[in-house]
Every structure is written in C-alpha cells, then in structure tokens.
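Keep the sequence and the 3D view side by side as you read.

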Amino acid sequence: MLRLSILMENSAADGYVCEHGLSFLLDFGGTVVLFDTGASGAFLENAARMGCDLGAVTHIALSHGHYDHTGGLGPALRHIAAQKNENPLPPLIAHPDVFLKRRRPPGHPAGPKELGMPEDGRAELARWPATYTREPLYIRDDIVFLGEIPRPQPEFCALVGEVAYDGGYRKDLLPDDTALAYITDEGLVIIAGCSHSGIVNIIGHARNVTGVAKIRAVYGGLHCKDMTPDCLERTRAALARENLAELFACHCTGKSLDDFPAGLRLTAGEQHCL
C-alpha cells in the first residue's frame, strides 16, 4: 500500500501553506521516500501539521533540478539529519544533470530569474550520501527511479528556460526530468515532478523498464501550461486511452486539467492511500 502525502503544492487546504513548488512524502510501508522539496523549507511546516515523521525517511528522490523542486533541499537535509541523530542518513537519488545552472531567457516577460538548484541545497548535498544516475534504479522490487527518460515523441516535451553551456547559455532540454514508478497488482502508479520530458514519454519508459503495461494512476505536474494546443489535445487523448483509474495532477499542470479524463486536483495538506 502507498500513503501519499502532499507536503507542498501551488494550492493548499485550510491551515496549510502553499507556494509554486512540489513535494510529496511517499510511505510504501517500510520504505519512505521524500520526493522533491518545494521551493523553500515551507513544506516542513506542512509536514509537521500533517503528522508526517521525516525522521522515518529512507530515501530522497529528485524529479529534476528546478528551484521549485529543490529549493527546500537545504532545509530538508538539515532537518532530516537532525531527526536521524547518529543514525545513517537516507541516500538521495537524482540524475547527474540535476546541478546544471539554469535561468529564464533574456527578455522573458516575468523578468530575470535563476531556475536551478539554490546554492544552499548544493552545499548540503556535498556531505550527503547520493547516487546520480541516468539509468533506472530500483529502490525496492516494486519501486523504481526511472532515470533519464527517452523521448521518442519529443513533441510532448514541455521545455522552459536556458542552461549554462560552454561559457554561454543554450535552450534547456531538461534531460534530468524523471519520475518514479510503483508496481501494484492493478498496474503502475506514476509519480512525476513536472513531466518536462512529456507524460506520454514517461509512461512509455515506465512500461519498458518494469514490463508492466497497465497504468493505474498518475500523480504530479504535467506542465500543460507550456504545451501548444495541439500537443495538449494529443496528451489529453493519450491519457484517455490509458483508461486511468486516477489522474491526480497539480503544480505546473495549469487549468487544462479540467478537460482531462479522471482529472482531480491535489492540494497541500491532503493524504491519499492507494
């Protein structure tokens, strides 16, 4: 069974705080994964109100290196280290490009902004046990970090910003954007951060990695706000063909979820049991 706690999201239930960011706590029973850390340490406040014990975390996984998923990494690692006291620290898993320096392109209407992992998180990670991999990595027999997502259908990608390269900047292809897949008797549960690599590509890769064809549920951001109308419609149609039992989208999905099949929005402070 999976108990999924939404520690941070763009919206919040009464009594909880929200920000433009995402953080889930995934309790699989004996294995507890902190998936992303929002844009700041505010998710820790929600976790405390929800009664979530971050001292029980056995693994930390990052979906990609944007600030709204790694901004709370420094506070998170310090808090977890204090909770663990002298016990071993939980390993962190991420793609090696999670550290890339990123920014909004010049002339962006919202103004200049650094989009990558803040220095505070980078500093804390320097002393933390971590595995950086482009390959899929099984956390447990039924839980897999999907690694770098192949993009046979690149039109489904939602790419934003620029990345530092060779003394300058170029378009950011976000190769570090990834997800988790949880194998259940009813099919795969996909847990995504922003789906910059395209939820259609993520689902296809999850099938190839696990050998499980049925997709039971999708949780996380779908980044529809940066899709063309044609890509949005094709994504919607692809998800409809999956006949999902649950689609719980949030964060960067945008208003498009209203027309998606089985689409329900998540808010910080909620807990789901699968």
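Rings of Phe, Tyr and Trp (for Trp, the six-membered ring) are called a pair if their centres lie within 6.5 Å; planes under 30 degrees apart count as stacked, over 60 as edge-to-face, and the rest as tilted. Searching the whole structure with that rule turns up four aromatic pairs. Before we visit two of them, a word on the source: this is a predicted model, in which local features need pLDDT of at least 70 and side-chain atom pairs count only at pLDDT 80 or more, while totals for chains, interfaces and linings use all residues. Residues are numbered from 1 along each chain as its sequence is written, and side-chain values use heavy atoms, with hydrogens and water left out.

Begin with Phe28 and Tyr182, an edge-to-face pair with 4.9 Å from centre to centre and 65° between the planes. Phe28 lies in the loop between strand S2 (23–27) and strand S3 (32–35), and Tyr182 in strand S12 (residues 179–184), so the pair ties together parts that are 154 residues apart in sequence. Helices (H or I, at least four residues) and strands (E, at least two) are DSSP runs here, numbered from the N terminus. Phe28 is buried, at 4% relative accessible area, and Tyr182 is buried too, at 6%. Buried means under 20% relative accessible area, exposed means over 50%, and partly exposed is in between (1.4 Å probe, protein chains only).

Next come Phe99 and Tyr132, also edge-to-face, at 5.2 Å centre to centre and 65° between the planes. Phe99 sits in the loop between strand S5 (92–94) and strand S6 (102–103), while Tyr132 belongs to strand S7 (residues 130–132), so this pair links parts that are 33 residues apart in sequence. Here Phe99 is partly exposed at 27%, and Tyr132 is partly exposed at 32%.

Rings also meet charges in this model. A charge sits over a ring if NZ of Lys or CZ of Arg is within 6 Å of the ring centre and within 35 degrees of the ring normal. The charged end of Arg103 does this over the ring of Tyr169, 3.8 Å from its centre, and that of Lys113 over the ring of Tyr67, 4.5 Å from its centre.

What about the cysteines? A disulfide is a covalent bond between the sulfur atoms of two cysteines. With a disulfide taken as a pair of cysteine sulfur atoms within 2.5 Å, the search of the whole structure finds zero. For Cys18, the nearest cysteine sulfur is that of Cys250, 12 Å away, and Cys18 is partly exposed at 42% relative accessibility. For Cys52, the nearest is the sulfur of Cys273, 11 Å away; Cys52 is buried, at 14%.

Now move to the interior. In soluble globular proteins, nonpolar side chains tend to be buried together. A nonpolar core here is a set of buried Ala, Val, Leu, Ile, Met, Phe, Trp, Tyr and Cys residues joined through side-chain atoms within 4.5 Å. The largest such core has 26 residues, and Leu146, Ile190, Ile199, Val218 and Leu222 touch the most other members. At least two residues each come from S12, strand S13 (187–192), helix H5 (199–210), strand S14 (215–221), helix H6 (229–242) and strand S15 (246–250). H5 gives the largest share, five residues. Ile199 touches Ile190, Val218, Leu222, Thr235 and Leu239, leaving out residues up to four places away in sequence. Apart from this core lies another, of 25 residues, including Cys52, Val57, Ile80 and Trp128.

In the loop between S13 and H5 you will find His196, which is buried at 0% relative accessible area. Contact means heavy atoms within 4.5 Å. Setting aside neighbours within four places in sequence, the contacts of His196 include His64, His66, Cys157, Asp177 and His223. By contrast, Ala213, in the loop between H5 and S14, is exposed at 53%.

Finally, zoom out. The protein chain has six helices and 17 strands. Its radius of gyration (taken over C-alpha atoms) is 17 Å, close to the 19 Å from the globule rule for 274 residues, so the chain is as compact as a globular protein of that length; the rule is 2.2 Å times the number of residues to the power 0.38. Of the 274 residues, 55% count as buried.
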